[in-house]
Amino acid sequence: MAISAELGDVLEQAVNDLVATGRYNSKSEVLREGVRLVQEREARFKELQALIQEGEDDIAAGRVYSAEEVFTDLMSAIDQIAQKAS
């Protein structure tokens, strides 16, 4: 099944330039690569959404740390790194 898409002048020129420079062999190849990149981005977005949901679930369940505790641990880690570097 063939897909026809109106890209507009700017995107059409970008596709043509990619083919003309030899970066891609055809317009179809450029568009397939574009769709593949969109799929990858959407997969990463779903992973991010899952991580956000996990964090929200932790908050709702009370699995949180105070800012003071986090900063104390962070400063301790920074001090340890600085001592190793000297």
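Helices here are DSSP runs of H or I with at least four residues, strands are runs of E with at least two, and numbering starts at the N terminus. Arginine 36 lies in helix α2.

This is a predicted model, in which local features need pLDDT of at least 70, side-chain atom pairs count only at pLDDT 80 or more, and totals for chains, interfaces and linings use all residues. Residues are numbered from 1 along each chain as its sequence is written, and side-chain values use heavy atoms, with hydrogens and water left out.

**Salt bridges**

The structure holds five salt bridges. The term means a side-chain nitrogen of Lys or Arg within 4 Å of a carboxyl oxygen of Asp or Glu.

| Glutamate 12 | Lysine 27 | 3.2 Å |

Take the pair of glutamate 12 and lysine 27, bridged at 3.2 Å. This pair links distant parts of the chain. Glutamate 12 sits in helix α1 (residues 8–20) and lysine 27 in helix α2 (residues 27–60), 15 residues apart.

How exposed are the two partners? The classes rest on relative accessible area: buried is under 20%, exposed is over 50%, and partly exposed is in between (1.4 Å probe, protein chains only). Glutamate 12 counts as partly exposed because its relative accessibility is 28%. Lysine 27 is also partly exposed, with a relative accessible area of 41%.

Glutamate 33 and arginine 36 both lie in helix α2, three residues apart, about one turn of the helix. Glutamate 40 and arginine 36 are both in helix α2 too, four residues apart, again about one turn. Shared partners join the salt bridges of Glu33, Arg36 and Glu40 into one network.

Glutamate 33 has 24% relative accessibility, so it counts as partly exposed. Arginine 36 is partly exposed at 33%. Glutamate 40 is partly exposed at 34%.

**Spacing along α2**

Arginine 36 and glutamate 47 are eleven residues apart along the chain, and their C-alpha atoms are separated by 17 Å. Valine 38 is also placed in helix α2. Its relative accessibility is 40%, so valine 38 counts as partly exposed.

**How α1 meets α2**

Two packed helices are described by the angle between their axes and the distance between the axes. Axes are lines fitted to C-alpha atoms, for helices over the stretch in contact, and angles run from 0 to 180 degrees between N-to-C directions. For α1 and α2, the axes come within 9 Å and cross at roughly 115°. That makes α1 roughly perpendicular to α2. The classes are roughly parallel under 35 degrees, roughly antiparallel over 145, roughly perpendicular from 65 to 115, and oblique for the rest. The crossing of α1 past α2 is right-handed, that is, the near helix is turned clockwise from the far one by less than a right angle.

**A nonpolar patch**

Phe71, Leu74, Met75 and Ile78 make a nonpolar surface patch of about 400 Å². Isoleucine 78 belongs to helix α3 (residues 67–85). Isoleucine 78 is partly exposed because its relative accessibility is 41%.

Terms used: Patches are made of residues with over 30% relative accessible area and no salt bridge: like charges are joined within 9 Å, nonpolar side chains (Val, Leu, Ile, Met, Phe, Trp, Tyr) within 5 Å. Accessible areas come from the Shrake-Rupley method with a 1.4 Å probe; for residues, only the protein chains shown count as cover.
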